[in-house]
Amino acid sequence: MRSIVLAVLAALVLAGCADDSGPKIPQPLSPQPTAAQMDPGLSVQFWKSPFNDVSEVERYTQRYAGIPGKAVTMLDFDWGNGVVLDSALANDVGVEFLGAIRLDKPGRYGFTALSNDGVRVMVGGVTVTEDGEPHPDRWSRPGHIEVAAAGWYPLRVLYYEKRGTAVLRLYWQQPGDAQMSVVPAAVLARKK
Ligand SMILES: [Ca+2]
């Protein structure tokens, strides 16, 4: 079932009908970091609040200091009814994941997230996909970016869990890929 859904998503991205606002150009990290300047994974901060939209998480990140969590190697989580990461919270928790993603070749990249509840994914300053309202497990509307040069790009993912079950998985489709796949840990890192 999942492979069928992913194939449909891939077709949408390839057809370009998932995003009618034209190519979005992400900005790479400048200067580009060396491997020695990077640690694997993404940094994590939490906020406790009864969020009802991912834009409220955005507002919290700008107004209030978050609670630091343990870094994560990738975004591939199904917490069920349990606690989200090391927040000690199973409900009403917002999360900011910060770091960078390595895009190894120029071209068109598609992104989608399987989430429960809301999610926003930003690559190189571009909001590439978002599904902001509370919802059961579902994929966000796929979006794409046009990458001019290979390298490291800023990655920022906002997420919140309102109540019930919680899921977060980040998928991408690299240039030439036939379908979406989970973004691997090997291309995620953060500055030391
Ligand atoms: Ca939920």
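Colleague: Leaving aside its neighbours within four places in sequence, which residues is Val157 in contact with?

Modeller: This is a predicted model, in which local features need pLDDT of at least 70, side-chain atom pairs count only at pLDDT 80 or more, and totals for chains, interfaces and linings use all residues. Residues are numbered from 1 along each chain as its sequence is written. Two residues are in contact if their C-beta atoms, placed from the backbone, lie within 7 Å. With the neighbours within four places set aside, the contacts of Val157 are Leu75, Phe97, Val119, Val121 and Leu170.

Colleague: Is Leu42 buried or exposed?

Modeller: Leu42 is found in strand β2; strands (E, at least two residues) and helices (H or I, at least four) are DSSP runs, numbered from the N terminus. A residue is buried if 20 or more other C-beta atoms lie within 10 Å of its own, exposed if 12 or fewer, and partly exposed in between, with C-beta atoms placed from the backbone. Because Leu42 has 24 C-beta neighbours inside 10 Å, it counts as buried.

Colleague: How many bridges join β2 to β5?

Modeller: Strands pair if DSSP finds at least two bridges between them. β2 (residues 42–48) pairs with β3 (residues 67–72) in the antiparallel sense over four bridges, and Leu42 has Val72 as its bridge partner there. Towards β5, Gln45 stands opposite Glu96. β2 and β5 (residues 93–103) also run antiparallel, and the number of bridges joining them is six.

Colleague: Which residues of α2 are exposed on the side away from its buried ones?

Modeller: The buried residues of α2 (residues 54–63) are Val54, Val57 and Tyr60. They lie on the same side of α2, because they cover an arc of only 105 degrees, taken from the directions from the helix axis to the C-beta atoms. Their cover includes β2, β5, β7, β8 and β11. On the other side of α2, the exposed residues are Gln62 and Arg63.

Colleague: And across the whole protein chain, what percentage of the residues count as buried?

Modeller: The protein chain has two helices and 14 strands. Of its 192 residues, the share that counts as buried is 36%.
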